[in-house]
Amino acid sequence: MTDLRAAGERAAALVAAHLAGVPDGPVWQPVPDGERAWLSGQELPADGRPLADLLADVRAHVLPHPMGNGHPRFFGWVNSPPNPAGVLVEPLAAALNPSCAGGDHAGPHLERAVVRWLAELTGFPHPPGGGLLTSGASMATIVCLAAARQRAARADGWDAREEGLAGRPPFVLYVTEEGHSCLHKAAQLLGLGARNVRAVPVDAAYRMDVAALRAMVAEDLAAGRRPFCVAGSAGTVNSGAVDPLGAIADVAAEHGMWFHVDGAYGALGVLAEDAAPHFAGLERADSLALDPHKWLGVPVGCGCALLRDPGAARAAFSLVPSYLVDENAGDLGWLAEYGPEQTRPFRALKTWATLSSLGRSGVVRLVEHTTGLARALAAMVERAPDFELLAPVVTSITAFRHTPARNGDLDGLNRAIPFAVQARGNTFLTGTRLGGRDALRACFLHPDTTERDLELLLDEIRVAAKGL
Ligand SMILES: Cc1ncc(COP(=O)(O)O)c(C=O)c1O
């Protein structure tokens, strides 16, 4: 124990020094070959090693090679810096080490509170037990689509869990071309078949074309297929677009389809005054996937599935063998009955700490600040003759491209820019394909990013492009 106390104090000092030093270091740099070999090639020690030695190794070989997402000039994918309060309590969650499958201990009770807080923040209806924390939005999506699948089967008079899908009309899921890959993965995993996921076209703002959705549903019905779920995006990863959620809710209601919203990244955008109107209809969804480990900055991994009818998820997953029966579980039962995980980590503590430390006003400030940065970058891009804005800004993502000369291989250039920028170490952005063109996208999640950092980003792109 004395050993743990001394090492713990050392670890706390390392954490503080690491976080304090991040803004002064390179955003990212490649792991040198020797270090890569050390990290991936080491042998299991034959005998145990002292805690102090382990910390020395972490200091020498792990902390110097971050992904970069802690840095205020990291704009890649959708990866936030860790909220310090979330970092603070991680060792305490590990020290308690509960399984939050269920039972009468702090973990499951705290989880009920933070799930309710997330529903309240996003304006999603919250019946008791209406959600659970997951590893991330990919898992939350599996939970929600499994609930949708079972509900549709039961509505048609059969049981997908009992019978499997063979011999039934194909269940069809609708997502836009901009929908996240996790929706496709979930559909495949649930046995729906990739060919039964319809790619609904998008409009010029990369939002679902609802007329096209209607036409596709009609076509599928005429062909004897079963439209069972439509998934809208509340913040796509490419451009931050929010689908017309209210119009999608109408189509879902007309056809008895489950309405799922992928708000993994963007659902908190509803808290920004300018963005809020785009989210109208979110509250009509049957389920919402959102990721506390994205915009909120809860240390990875923590996703959340919110459900209008918690019973739908329970009907899709509950399986309680005799060794898990808990007579005292109450009406809601165990959290493990609502998803595929049995042993469940104490994700609620870091989420509770992050939300408590920010408070509602802190979350709103973070969302306003980062959406403001995305708009500011868009304005700079529009003013610059050598950049082009590719999508309207709704949340905290700016999609654009570098156009130093209107002719030439702009796709090739913009495809090469992200790595060239990353390798310089001063800032970090990633690319994508948008509207058939290679694009750059910058995602803002860091509370300490400034407008000066945006100017630096554009300059870095110019310099990196010249070197290509
Ligand atoms: C819009 C969107 N949906 C879903 C996901 C999947 O979430 P996770 O990586 O937490 O599983 C992501 C991840 O980046 C995302 O940006």
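Helix α13 (residues 410–424) packs against helix α14 (residues 451–466) at an angle of about 110 degrees, the two axes lying 9 Å apart; axes are lines fitted to C-alpha atoms, for helices over the stretch in contact, and angles run from 0 to 180 degrees between N-to-C directions. The two helices, α13 and α14, are therefore roughly perpendicular to each other (angles under 35 degrees count as roughly parallel, over 145 as roughly antiparallel, 65 to 115 as roughly perpendicular and the rest as oblique). Leu413, Ile417, Ala420, Val421 and Arg424 of α13 form the contact with Glu460, Ile461, Ala464 and Ala465 of α14, contact being assigned where C-beta atoms, placed from the backbone, lie within 7 Å. By class, the residues of this contact of α13 with α14 are seven nonpolar, no polar and two charged; Ala, Val, Leu, Ile, Met, Phe, Trp, Tyr, Cys and Pro count as nonpolar, Asp, Glu, Lys and Arg as charged, and the others, Gly among them, as polar.

The model is predicted: local features need pLDDT of at least 70, side-chain atom pairs count only at pLDDT 80 or more, and totals for chains, interfaces and linings use all residues. Residues are numbered from 1 along each chain as its sequence is written. Helices (H or I, at least four residues) and strands (E, at least two) are DSSP runs, numbered from the N terminus.

Seven strands make up an open sheet of mixed pairing, in the order β1-β7-β6-β5-β4-β2-β3; two strands pair if DSSP finds at least two bridges between them. At the edges stand β1 (131–134) and β3 (197–200), each with a single partner strand, so one side of each is left without a neighbour in the sheet. From one strand to the next, the twist averages 20 degrees. Within this arrangement, β2 (residues 171–176) and β4 (residues 226–233) pair in the parallel sense over four bridges, and Phe171 has Arg226 as its bridge partner in β4. Helix α5 packs on the sheet, where it touches β1, β5 (258–263), β6 (287–290) and β7 (303–307), and its direction makes about 105 degrees with that of β1.

The axes of α5 (residues 106–122) and α12 (residues 347–383) come within 10 Å and cross at roughly 30 degrees, which makes α5 roughly parallel to α12. The contact comprises Gly107, Leu110, Glu111, Ala113, Val114, Trp117 and Leu121 of α5, together with Ala348, Leu349, Thr351, Trp352, Leu355 and Val363 of α12. These residues of the contact of α5 with α12 divide into 10 nonpolar, two polar and one charged.

A further open sheet contains four strands with antiparallel pairing, ordered β8-β9-β11-β10. Its edges are β8 (387–389) and β10 (430–434), each with a single partner strand, so one side of each is left without a neighbour in the sheet. Direction ignored, neighbouring strands of this sheet are turned by 45 degrees against each other on average. Three bridges join β8 to the antiparallel strand β9 (residues 397–402), with Glu388 opposite Arg401 in β9. Helix α12 lies across β8, β9 and β11 (437–443), running at about 20 degrees to β9.

Of the 14 residues around the ligand, Gly136, Ala137, Ser138, His180 and Ala264 come nearest; a residue is near a molecule or strand if its C-beta atom, placed from the backbone, lies within 6 Å of it. The shell around the ligand has six nonpolar, six polar and two charged residues.

Notes
Two residues are in contact if their C-beta atoms, placed from the backbone, lie within 7 Å.
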